[in-house]
Amino acid sequence: MPRLPQAPVSCAAAALSVLLCVAAPLHSTAAVPAVAAAADSFSFSGAFVQGGLVRGRAPPATTSLTLDGKPVRLDGDGRFILGFDRDQGSSAILVAQRADGSRATRMLAIAPRSWRIEHVDVARRPGGADPDYQRRRDIELRRIAAARGIGASAAGWAQPFIWPARGRISGLFGSQRVYRGEPAAFHSGLDIAPGAGAAVVAPAEGLVVLAGPPMFSLEGNLVIIDHGMGLNSAFLHLATVDVRAGQRVAQGERIGTVGSTGRATGPHLHWSVKWNDARLDPQAMLAS
């Protein structure tokens, strides 16, 4: 993993909850590997940990699957993925409904992460957004939500992810600032600073569901790739966008270049990952 920099590049809090602050890395002691179960039960690979992603296979003849009562997608072979939000509680319930009417239930223990919380002895700036700006922002947020709700058919979710860019890490997932007891939004992605103009590639295959123009007020040039099964990646502050909405991209295919568009203090890539509504740590998905 690249070394943490002395002077980080920051990005602003946004719909994607962008706020720079250095976070604690994913400790191997917090990761609890799942053990393959018997043939008539669930099997898993991955770690049940806050911000983590687990791949699994349902029991034979499973017709539907839920996690804490919410539906989980299954492919034709009974495979699925589970993502756990940065603020996920200590447990979750996975239930498989079988064709014969029976159910298989698994109680999942979710290991906590130790996030870097920075206490700042200043008050947050008062005041809200200008009404005209807020109207524009609401349109942008609806556009982002619509893109993430497309639900593309893609197989990238099953691939070990690769780095979308290589460079120094200027912000890690999950960190947060607290201003005199008032918490700000936590940093919801990974910031990579390889230098302006560096290539950005797809970390896994998928369908481009959003690509500028126009630019977004906070995210700048934004690309979102749907990797299938509810898993998607967003790439912020791009200088250039080399793909279009509706285009299928292969793992490693160029999608744009690093920039500082939108609300950013310097050129860097902010990469965030979501599974449905869960905000995940991109580094937890990387192959190396």
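1. Start with Thr62: its side chain reaches the backbone oxygen of Pro59 at 2.6 Å. Keep in mind that this is a predicted model. Thr62 sits in strand E3 (residues 62-67). With a relative accessible area of 17%, Thr62 counts as buried, because the cut-off for that is under 20%. Leaving aside neighbours within four places in sequence, Thr62 is in contact with Leu74, Ala96, Gln97 and Arg98.

2. On to the hydrophobic side of things. The largest nonpolar core has 50 residues, and Leu82, Leu108 and Leu231 have the most contacts inside it. Strand E20 (residues 269-275) gives the most to this core, with 4 residues. There's also a second, separate core of 11 residues, with Ala147, Ala152, Val209 and Phe216 among them.

3. Leu108 is worth a click. Not counting residues up to four places away in sequence, Leu108 touches several residues, including Phe44, Phe48, Leu67, Leu82 and Phe84. Ser90, Ser91, Ala92 and Leu94 are also on the list for Leu108.

4. Now E20 itself. 7 of the 7 residues of E20 are buried, so this strand is largely enclosed by the rest of the structure. Both faces are covered: Leu269, Trp271, Val273 and Trp275 are buried on one side, and His270, Ser272 and Lys274 on the other.

5. As for E20's partners, strand E16 (residues 231-238) pairs with E20 in the antiparallel sense over 6 bridges, with Phe235 bridged to Trp271. Strand E12 (residues 190-193) runs antiparallel to E20 and is joined to E20 by 3 bridges; here Asp191 partners His270.

6. Last, the hairpin. E20 and strand E21 (residues 278-280) are antiparallel, joined by 3 bridges, and Lys274 stands opposite Arg279. The hairpin has 2 residues between the strands, and Asn276 takes a positive phi near 55°.

Notes
Residues are numbered from 1 along each chain as its sequence is written. This is a predicted model: local features need pLDDT of at least 70, side-chain atom pairs count only at pLDDT 80 or more; totals for chains, interfaces and linings use all residues. Side-chain values use heavy atoms; hydrogens and water are left out. A nonpolar core is a set of buried Ala, Val, Leu, Ile, Met, Phe, Trp, Tyr and Cys residues joined through side-chain atoms within 4.5 Å. Buried means under 20% relative accessible area, exposed over 50%, partly exposed in between (1.4 Å probe, protein chains only). Contact means heavy atoms within 4.5 Å. A polar contact is a pair of N or O atoms within 3.5 Å; within protein, one must be able to donate a hydrogen and the other to accept it, and residues adjacent in sequence count only if both atoms are side-chain atoms. Two strands pair if DSSP finds at least two bridges between them.
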